[in-house]
Amino acid sequence: MSTYTDWLSDLTAIPCILVEVSVKSGSETTRYLSSRPFVSGSGDTPASTVYTPIVMGSSVKTVERMSVLDQSASISFGDIEIDNTDGSYDSWLNDIWSNRSITVLHGDVRWTRAEFEVIFSGIVEDIGSRSRDTLNLKIRDKLQRLNTPVTETTLGGSTSNKNQLIPLTFGECHNVSGLLTNPATLEYQVHAGPLERVIEARDNGVPVGGTAYLSTGKVTLNAQPFGKVTFSVQGDKPSSTWNNTAKKIIERLVTGYGETTNRFTSGDLDSSNLSAFDSANPQVLGVYLSARENVLAVCNAIAATVGARLVMSRAGLLKLIKIELPVSGTPFAITTDDVIEGTMRISEKLPVQAGFKIGFAKNWTIQDSLDTRIPNAHKDLYAQEWLTVTAKDATTKTNYRIDGEPEQIDTFFLTESDASTEATRLLNLFKTPRFIVAFDATARSFQLELGHAVTITHPRFGMSGGKSGMVVGLSPDWSSGIVSVEVLI
């Protein structure tokens with residue numbers, strides 16, 4: 001990367017954009033486009049390939065942004081203009097570009113293809129035309145491939161539940177309903193596949209006997225139930241690993257569920273980042289899916305439980321980035337030499353918060369009228385959806401005159417300890433003023449990615465002595481060698 005960033009500042013550079021994009025034009029094919037005439041070398045992949053020089057290089061801009069307060073995933077998007085002055089490519093408007101892969105590379109026209117730097121790896125949203133002389137490829141990061149239902153597998157057969165989705169259970173879930181799959185044998189299914197353990201079966205809250213078939217995710221009761229049947233379950237275990245942490249469940253969902261052609265493979269995952277994240281965030285979670293759900297939305301919620309966001313790197317690899325200050329890792333030093341003069345500004349001041357309320361240990365089947373001989377304390381638990389924990393700072397509440405209880409944040413935490421730790425972490429992060437500073441930076445900052453730790457030393461906004469921050473927004477302009485940067489401080 002340092003060689004590449006050095007090249008960006010080289011006045012003798014002859015920059016070139018390469019675009020490798022899949023499209024269905026009768027059959028599936030790949031088109032190789034460029035901003036200057038370019039042919040890959042015999043040792044390149046693809047080898048000895050002519051790139052059609054119709055990309056308008058100055059048009060290639062991307063935006064990368066990671067949310068701080070709301071729980072949505074990061075998003076990267078952009079636009080690529082194609083020269084169509086004489087109408088030669090009008091027919092491309094009738095080709096199918098949607099959800100096809102695209103890779104954009106940047107380098108010197110004198111280099112081999114292997115020396116180019118990947119600056120975007122994602123999918124095409126569609127093609128359009130904003131003027132008679134151009135076509136426009138709208139590009140999005142690969143997270144959009146996860147915008148599909150987690151599962152559409154129904155029970156089938158001839159029972160009254162034949163059109164019901166077979167549920168999925170990840171981690172440890174309490175009091176799930178399961179799906180009655182065979183009324184004659186009292187067979188219920190709590191997960192569409194192998195699971196770790198069935199902790200307990202209950203009939204109207206009372207423990208009952210049964211036989212668990214872990215390889216199929218099913219349970220058969222010993223006797224006809226009198227009321228609502230529920231289970232506490234340790235779920236998905238397709239191999240020797242029980243998927244029970246944020247990283248493990250997310251990885252399982254993005255590679256094993258959703259539309260088959262859109263699923264991620266191991267090559268779409270940043271294994272180093274995900275492994276380190278799992279070690280730092282080992283909390284056991286519980287996720288139960290019995291209705292139609294979206295893969296991306298579910299993964300967003302799982303990541304947000306532990307204070308993280310889904311992020312796609314420029315190379316198209318999935319990462320999990322925790323919103324925290326200071327950020328772990330060696331910070332990238334940004335000084336006045338890196339900041340274009342007159343561009344440093346405050347783009348947002350985040351609201352100070354005096355408390356956080358976390359919902360945890362979700363009761364997946366609310367039973368508010370149990371008429372059994374179980375203890376009243378147990379009846380109370382079955383009647384409420386969440387247990388909660390709250391972290392507050394009285395001084396902040398007084399100083400900022402913040403009224404009322406904090407709004408509850410629902411999570412997949414199982415234990416009060418984990419929920420309390422996260423509530424306290426969030427309170428410590430946001431009980432003091434936080435800002436997002438924005439500035440334009442020189443080519444050296446092109447090596448920054450979302451989530452990177454930085455230290456900014458600048459005479460404005462209290463940063464003269466250096467201020468720690470996290471990169472939450474990037475807008476590289478590859479033609480000018482300038483990148484707009486947003487940092488949480």
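The model is predicted, so local features need pLDDT of at least 70 and side-chain atom pairs count only at pLDDT 80 or more, while totals for chains, interfaces and linings use all residues. Residues are numbered from 1 along each chain as its sequence is written, and side-chain values use heavy atoms, with hydrogens and water left out. Helices (H or I, at least four residues) and strands (E, at least two) are DSSP runs, numbered from the N terminus.

**The five-stranded sheet**

- Five strands make an open sheet, in the order S14-S13-S17-S10-S18, with antiparallel pairing; two strands pair if DSSP finds at least two bridges between them.
- Strand S14 (206–208) and strand S18 (286–289) are at the edges with a single partner strand each, so one side of each has no neighbour in the sheet.
- From one strand to the next, the twist averages 45°; axes are lines fitted to C-alpha atoms, for helices over the stretch in contact, and angles run from 0 to 180 degrees between N-to-C directions.
- Strand S10 (residues 168–176) and strand S17 (residues 229–236) run antiparallel and are joined by three bridges.
- Opposite Glu172 stands Gln234 in S17.
- Helix H2 (residues 246–256) lies across S10, S17 and S18, at about 115° to S10; contact means heavy atoms within 4.5 Å.

**The cavities**

- A cavity is a set of points, on a 1 Å grid over the protein atoms alone, where a 1.4 Å probe fits but cannot get out, and lining residues have an atom within 4 Å of a point.
- Grid points are joined across faces, edges and corners, and a volume is the space filled by probe spheres set on the points.
- By this rule there are two cavities of 30 Å³ or more.
- The largest cavity has a volume of about 70 Å³, and its lining includes Thr62, Glu64, Ile119, Asp141 and Arg314.
- Strand S5 (61–65) and strand S8 (117–131) are the elements that give two or more residues to this lining, and S8 gives the most, with three residues.
- The lining of the largest cavity has three nonpolar, four polar and three charged residues; Ala, Val, Leu, Ile, Met, Phe, Trp, Tyr, Cys and Pro count as nonpolar, Asp, Glu, Lys and Arg as charged, and the others, Gly among them, as polar.
- The second largest cavity has a volume of about 30 Å³, and Glu172, Cys173 and His174 are among the residues that line it.
- S10 supplies the largest share of the lining of the second largest cavity, three residues.
- By class, six residues of that lining are nonpolar, three polar and two charged.

**Strand S29 and its partners**

- Five of the seven residues of strand S29 (residues 482–488) are buried, where buried means under 20% relative accessible area, exposed over 50% and partly exposed in between (1.4 Å probe, protein chains only).
- Strand S26 (residues 434–441) runs antiparallel to S29 and is joined to it by six bridges; Ala438 has Glu486 in S29 as its bridge partner.
- Strand S28 (residues 467–477) pairs with S29 in the antiparallel sense over seven bridges, and Val471 has Val487 in S29 as its bridge partner.
- S28 and S29 form a hairpin with four residues between them, and Gly481 in the turn has a positive phi of about 75°.

**Lys392**

- Lys392 is in strand S24 (residues 387–392).
- Lys392 counts as partly exposed because its relative accessibility is 49%.
- Leaving aside residues up to four places away in sequence, Lys392 touches Ala354, Gly355, Glu405, Pro406 and Leu427.
- Lys392 and Leu296 are 96 residues apart in sequence and 31 Å apart in space, C-alpha to C-alpha.

Conventions. On a 1 Å grid over the protein atoms alone, a cavity is a set of points where a 1.4 Å probe fits but cannot get out, and a pocket is an open set with protein on both sides within 12 Å along at least five of seven lines; lining residues have an atom within 4 Å of a point.
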